[in-house]
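Here is a short briefing on a sheet and a pocket. The sequence and structure come first.

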Amino acid sequence: MLDKRFVLLSNEDNVFVCCEQVFAGDEVCLEEHSIFIKTDIDVGHKIARNELPQGEKVIKYGAPIGSTTQSVGFGEHVHMHNMKSDYIASHTRQRRSGEE
Amino acid sequence: MQGYLRADGRKGIRNIVLVTYLVECAHHVARAIVTQSESEDVQLIGFQGCYPNEYSLNIMERLCTHPNIAGVLIVSLGCEGFNREQLAKTVAASGRPVETLVIQKSGGTKSTIAAGLERINSLVDVAKQSEIVTMDINELIVGTICGGSDGTSGIGANPAVGHCFDKLIEQGAACIFEETGELIGCEQIMADRAITPELGEEIMKSVEKAENYYTHMGYGSFAPGNAEGGLTTQEEKSMGAYAKSGSSKIHGLIKPGDIPSQGGLYLMDVVPDDTPLFGFPNISDNAEIMEMIASGAHLTLFTTGRGSVVGSAISPVIKICANPETYENLSEDMDINAGKVIKGEATIAQVGDEVFELVKLVASGQQSKSEELGHQESVITYKRFDAIGPSCLPTIR
């Protein structure tokens, strides 16, 4: 079963989406396995449904939404620090992704 | 539902007298006329630039002849490039009363404001005579945009709007979604939904154009708040945004100012043609809302996760909030709480039905939250477009 703080949007997805904030150290049940979450995860953010090797397509809504730039462990936060667009760079107030 | 019948046969859901300035230099005078008129039905829009632009003129003509508009006061400084004569001619040809004041010929600020207030009084009197007639859902044009999206937008608010769109289209309304730059990654699935293969090809080309354009600009249509809200890439944001379109076939591909020729679902291509010339295609959400309105949208469904507060001049904006935390924080600004979806308290269809019911109420005169709060934002930009191709509009079914 899946912790109620996360949702799986499509069966093909390799990420879960957070529906209610979880904090580092919280134990969550992600289908067959329970793990301790390593970092705070806010609503709307993604964590890995399984281990994702570097260069893997990230699947959400059953569709590819980018690729990992490094390997991501099961249950770890998937975001700009470890994935990128396959089309066009994203940006924050401080920097564009992929730039130092 | 009831609407205001205009001389050109179109029906509006609001009865507004519009004051428009044609260059920033005339902004203060125009705003003073609107403020001092002390009428809720007098609204302000305008254009900042001094250089002429075919697109800006076209958009201004469409806005001034929108079915929600009963009459227009044009405020010009006098020396700007905007073709005020053509604008006045177009408004007059639509059967709407129109007045033009040129500040340089009217004795300056004070006397132009005084003259403007006189003109506004008579325009408001004419507006009060507008004929009220019955109006059906199949006469409505409804737009949708998203702003301040986050990881919840694509789960709650956007699919709920999609559900509402399906219901509106079933009943004959025309619905418009956009923005090709925010649909990068969805081009193939959209093309597959087109009513003809030729339209599918046009859709593919429009998204390819958007990708090239944004690459040239150096930024995608992606704001820092999107990332803070859990969205990582343009295509992730796109997949969420795409859910606003619902499940109908796509009947047409229009550009800002093109009015849907019949009911159905339309994609709006807001990315300028040819080489990038005037900057970003969608400088802010209100520029997109204005383009929807220029294409005839009677009202706009605005989905948000981070929490936008904007409304619009001319047409009501209904805000649908996907993020339960944001809803709690900004509930006075939000019309619909779609945060119930991710909390498991309501289904997408239930929230979509709620949106549909609110569309009917707001179309019947009930004020949306942003209207109540006095939001009347508007932005008109410089752009350049070629006319749409022959396969972009549906032929009569």
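**Sheet in chain A**

Strand β5 (residues 46-48) of chain A is joined to β8(A) by two bridges, and the two run antiparallel. This is a predicted model: local features need pLDDT of at least 70, side-chain atom pairs count only at pLDDT 80 or more, totals for chains, interfaces and linings use all residues, and side-chain values use heavy atoms, without hydrogens and water. Residues are numbered from 1 along each chain as its sequence is written, with chains lettered from A and ligands numbered from 1 in the order in which they are written.

- Strands (E, at least two residues) and helices (H or I, at least four) are DSSP runs, numbered from the N terminus.
- Two strands pair if DSSP finds at least two bridges between them.
- A:Ile47 sits opposite A:His77 in β8(A).
- The open sheet has four strands in the order β1-β2-β5-β8 (chain A), with antiparallel pairing.
- Its edge strands are β1 (6-7) and β8 (77-78) of chain A, each pairing on one side only.

**Largest pocket**

- A pocket is an open set of points on a 1 Å grid over the protein atoms alone, where a 1.4 Å probe fits, with protein on both sides within 12 Å along at least five of seven lines; lining residues have an atom within 4 Å of a point.
- The lining has 24 residues; B:Arg14, B:Glu40, B:Asp41, B:Gln367 and B:Glu371 lie nearest the centre.
- Elements giving two or more residues to this lining are β1 (2-5) and α14 (369-372) of chain B.
- β1(B) gives the largest share, three residues.
- Domain 1 (2-133) and domain 2 (137-392) of chain B, with bounds from an automatic or database domain assignment, both contribute lining residues, so the largest pocket lies between them.
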